[in-house]
Amino acid sequence: MGLIGAIELSNDKAKRGRFKDSGRVGTKCRDHSFANVLIMRACWDTLVLAPPFVIPKKVIDDVVRLSREAPEATYPDVKPEAK
């Protein structure tokens with residue numbers, strides 16, 4: 001039993017489009033999360049995080065904030081590909 005979450009990266013939010021070279025954007029985003037001391041695993045262009053099952057609310061808030069920052073930091077890297 002545990003806690004798991006995922007963020008799927010897309011080049012077109014409305015159509016849920018895929019990026020070329022599956023995994024490349026996920027890896028860039030993972031690197032941004034590592035730079036912010038948040039460990040997320042890139043599974044192609046989906047980021048997976050699995051915090052401890054018992055976790056204080058303050059830490060959950062930090063994880064959510066950091067997990068939002070990683071895709072935002074990735075966007076300038078892939079902006080020409082986004083629709």
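View 1. A salt bridge is a side-chain nitrogen of Lys or Arg within 4 Å of a carboxyl oxygen of Asp or Glu. The model is predicted: local features need pLDDT of at least 70, side-chain atom pairs count only at pLDDT 80 or more, and totals for chains, interfaces and linings use all residues. Residues are numbered from 1 along each chain as its sequence is written, and side-chain values use heavy atoms, with hydrogens and water left out. Both Glu-69 and Arg-65 belong to helix α2 (residues 57-78), where they are 4 residues apart, about one turn of the helix. Helices (H or I, at least four residues) and strands (E, at least two) are DSSP runs, numbered from the N terminus. Glu-69 is partly exposed at 29% relative accessibility, and Arg-65 is partly exposed at 41%. Buried means under 20% relative accessible area, exposed over 50%, and partly exposed in between (1.4 Å probe, protein chains only).

**View 2. A network of salt bridges links Lys-58, Asp-62, Arg-65 and Glu-69.** In the whole structure, the search finds 6 salt bridges.

**View 3. Glu-8 and Arg-18 are joined by a salt bridge between their side chains (2.9 Å, N to O).** Glu-8 is in strand β1 and Arg-18 in the loop between β1 and α1 (24-35), so the pair ties together parts that are 10 residues apart in sequence. Arg-18 is exposed, with a relative accessible area of 59%, whereas Glu-8 is partly exposed at 47%.

**View 4. Arg-30 and Asp-31 meet side chain to side chain in a salt bridge (2.8 Å, N to O).** Arg-30 has a relative accessible area of 25% and is partly exposed. Asp-31 is also partly exposed, at 39% relative accessibility.

**View 5. Three strands form an open sheet in the order β1-β3-β2, with antiparallel pairing.** The edges are β1 (5-8) and β2 (41-43), each with a single partner strand, so one side of each has no neighbour in the sheet. From one strand to the next, the twist averages 25°. Strands count as paired if DSSP finds at least two bridges between them. Angles run from 0 to 180 degrees between N-to-C directions, and axes are lines fitted to C-alpha atoms, for helices over the stretch in contact.

**View 6. Strands β1 and β3 (residues 46-49) pair in the antiparallel sense over 4 bridges.** Ala-6 has Val-48 in β3 as its bridge partner.
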